[in-house]
Amino acid sequence: MGDPKAFLTIHRKEAGYRPVHERIYDFSQVEQTLNTHDRRLQASRCMACGVPFCHWACPLGNRQPEWQDALYKGRWRDAYEILSETCDFPEFTGRVCPALCEKSCVLNLSMGEPVTIRENEAAIIEAAFRENYIEPKKIERNGKSVAVVGSGPSGLVCANRLNKMGYSVTLFDKNEAPGGLLRFGIPNFKLDKAVIDRRMKILEAEGINFVMNAEISPDRLPEGFDAYCLCTGTPTPRDLKVPGRDLKGIYFALELLSQQNRVLAGEKFEGDTLVNAKGRDVLVIGGGDTGSDCIGTCIRQGAKSVTQIEIMPKPPVGYNPATPWPEWPRILKTTSSHEEGCTRRWLLNTNSFTGKDGHVVAAELEEVEWVPQGKGQRPKMQLTGKKETFKTDFVLLAMGFLRNPEREYPENVFLAGDAKSGASLVVRAMASGRETAYKIDEYLKNK
């Protein structure tokens, strides 16, 4: 490393977010950037550990110390080349990845100031686009073809890798544009869709054939391909089967998020088809990232109030002995959306909804407790009898997604991403897409 002791004199510096009073009135990206000088200083903090736990924690196996060193020394192109060997789309992970690498950084253990790996990654890829390091490549074809069904993170990576290997790749998707949850699930204030479009133009120029608005059934795959990869995700959200669930004003989280992204893309929705929180008392059921995205979206739409509830206990603040370093810490997470104004509550179960004239007006909530069971068993939830009537006229269910049922497929049909493992992180879906691409390549070479 150019300066192996930089971490002793240079503290972690994040780019931070745009001011709350400014960002809640638009859907532009909330995260800011550092200048080039400060970004290189942040890269210099990497110690090039003998055992790089950042590399261990990253599902993609990114070689962070190598590209951090190149960035610190001002070799931006080298940094990009090293990064892109393991990460197909750093512009996505650099914006929406929770940065498992940073939580396992030795500096996080020793002083609570891990290297700004995710932000550095985003800076490298933006420099690569800005300086035209990324240009479509002419690829020699090998005469075989692969169909990839689903253009989310795993499908895009699988298609990209196979395309570079020389396969003729056709990417099918049920939606009108590629990206999957990157485009229709993640709000623009976290990932501007121009970032996706920029990359899609390159993939198309390199020969990937995009077929949109194509609803493909696993039982009736398009003919004429040597292999298939199903990257259809986990499209079925967990429902809340309680009295009053059929009232108007109760939606799945993605009904709100996907529609808002389509509105920003120019589509129009009116009447009963419009899902909008303006002037509403919003109740978000589910304490994860999807629920957080709903909070930020509702605030921007002009919600009167936003409350998020979670059935699990409130996580510890700062440190959780149950998840020691270098594991991913299960601690209280406060997102940019939480900072914008919402009430957060834990240990609450939703018993029922009540309505007036067919529209939800309240939810009955009941406190719960989690009782420890035997060794190796999960705690058991028990209702406490402490109930309350919570006023709400706009409910969003953000409780995760159901895993697809397992089934048998022909030997030339492969699965990747959430369709294979269940709902998880974007970075894990990308890693799965890459792994599956190599499995398809091995299968077709040995066929």
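In this predicted model, the largest cavity has a volume of about 120 Å³. Its lining is made up of 16 residues, and those closest to the cavity centre are Cys46, Met47, Cys49, Cys54 and Cys105. Three helices each contribute at least two residues to the lining of the largest cavity, namely helix 4 (53-57), helix 5 (64-72) and helix 9 (106-111). Helix 5 accounts for the largest share of this lining, with three residues. By residue class, the lining of the largest cavity consists of 13 nonpolar and three polar residues, and no charged residue is present in the lining.

In total, two cavities of 30 Å³ or more were counted. The second largest cavity holds about 110 Å³ of space. A set of 14 residues lines the second largest cavity, and Cys58, Asn62, Cys97, Cys101 and Glu121 are the ones nearest its centre. Two or more residues of this lining come from each of helix 5, helix 8 (100-103) and helix 10 (117-130). The largest share, three residues, is supplied by helix 10. The lining of the second largest cavity comprises nine nonpolar, three polar and two charged residues.

Conventions. Residues numbered from 1 in each chain as written. Predicted model: local features only at pLDDT ≥ 70, side-chain atom pairs only at ≥ 80, totals over all residues. Heavy atoms only, no water. 1 Å grid on protein atoms, 1.4 Å probe; cavity = no way out; pocket = protein on both sides within 12 Å on 5 of 7 lines; lining within 4 Å. Points joined across faces, edges and corners; volume = space filled by probe spheres on them. Helix = DSSP H or I, 4+ residues; strand = E, 2+ residues; numbered from the N terminus. Nonpolar A, V, L, I, M, F, W, Y, C, P; charged D, E, K, R; others polar.
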